[in-house]
Amino acid sequence: MVVCLPDTQDGTPDIPIYLSRVGVTGVKKLLSLKRKEKRPIILVPTFDAFVDLPSDQKGTHMSRTPEAISEVVDEVATNSSIGVEEICADIVRKMLEKHEYAKRVEVNMRSEYMFMRESPVTRKPSQEMGILIANAVGKCDDDGNISIRKSIGAEVIGMTVCPCAQESVREVNKNNLLEFLDEETCEKVLENVTFASHNQRGIGTVLIEVPENQTVDGEKIIEIIESSMSSPVCELLKRPDENAVVMNAHENPVFVEDCVRAMNEKIIKEFSYLPDDTKITTRQENQESIHRHNAFAEKVSTLGALKEELNLK
């Protein structure tokens, strides 16, 4: 005998207030993405997924959300070309089917992502780890029309060197050298010396909206973030590699603001084919070594607005 259990969630709430996001967080899945002529991409992403809740409904049908995630992940195994942002969009579509009362659905995904690099001098291969980010937001109007906006991005660790402290060190050294060198000789010495500064572990983040029928390469985003700091970092470094990383970084000192501006300039060049209304989010946080606080900068814009700022239109 099958007992028919009541849907308590469909009842009327004691306090009739609309809620903007109700759902689940921390749903982990194993995901294998096939790629033509490349190794499969193995991810263990964590999904957070939400629906809005009308003021006349007591609760969401919570189990339908992880169910939707599971169904989409299972379907992905047979699709060799789908991207993580499209996976999020498919989950949004599935959730809108299952949560018929919802007008807005949001799905966020984060996963560690392994990519290969070579150490700068010895060229030893090294497995590096970043964070792959994707999300999608779907809206359903009163006529049942669905619109979905999806994005892909990455979060990567690198190294930055403070220009201000380095300039101060240079000035002190110049004054010391002028005690026994003439001005011309002193300048020649200074041109051939790399000066100390304090370093930061930088965490760069980029999130780019992906329009329908367009693609954005996640590894290109990783390259943009890495190259916008003073130097990439590498898990495997022999002594010559360590020297090269430190020297290269100190020859390219940048503020946290410089990193964000460089990301935006490189995004314009790499993804100029995207529509002007494509939303771009860039963020840099530098974990300071001589302060207890961190440094932070962010830019949220559209591709078209960025082109206007740089007079590229």
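This is a predicted model: local features need pLDDT of at least 70, side-chain atom pairs count only at pLDDT 80 or more; totals for chains, interfaces and linings use all residues.
Modeller: Residues are numbered from 1 along each chain as its sequence is written, and side-chain values use heavy atoms, leaving out hydrogens and water.

Biologist: Why is Ser 126 called buried?

Modeller: Buried means under 20% relative accessible area, exposed over 50%, partly exposed in between (1.4 Å probe, protein chains only). Ser 126 has 3% relative accessibility, so it counts as buried. Ser 126 sits in strand 6, residues 125-140. Strands (E, at least two residues) and helices (H or I, at least four) are DSSP runs, numbered from the N terminus.

Biologist: What makes a contact, and which residues does Ser 126 contact?

Modeller: Heavy atoms within 4.5 Å. Leaving aside neighbours within four places in sequence, the partners of Ser 126 are Phe 115, Met 116, Arg 117, Cys 234, Glu 235 and Leu 236.

Biologist: How do you know that Ser 231 is buried?

Modeller: Its relative accessible area is 4%, so Ser 231 is buried. Ser 231 belongs to strand 9, residues 231-232. Beyond four places in sequence, Ser 231 touches Gly 158, Met 159, Val 245 and Ala 249.

Biologist: What covers the buried residues of helix 5?

Modeller: The cover includes strand 5 (104-118), strand 7 (146-161), strand 8 (199-210), strand 9 and helix 7 (256-270). Among the buried residues of helix 5 (218-227) are Ile 221, Ile 222, Ile 224 and Ile 225.
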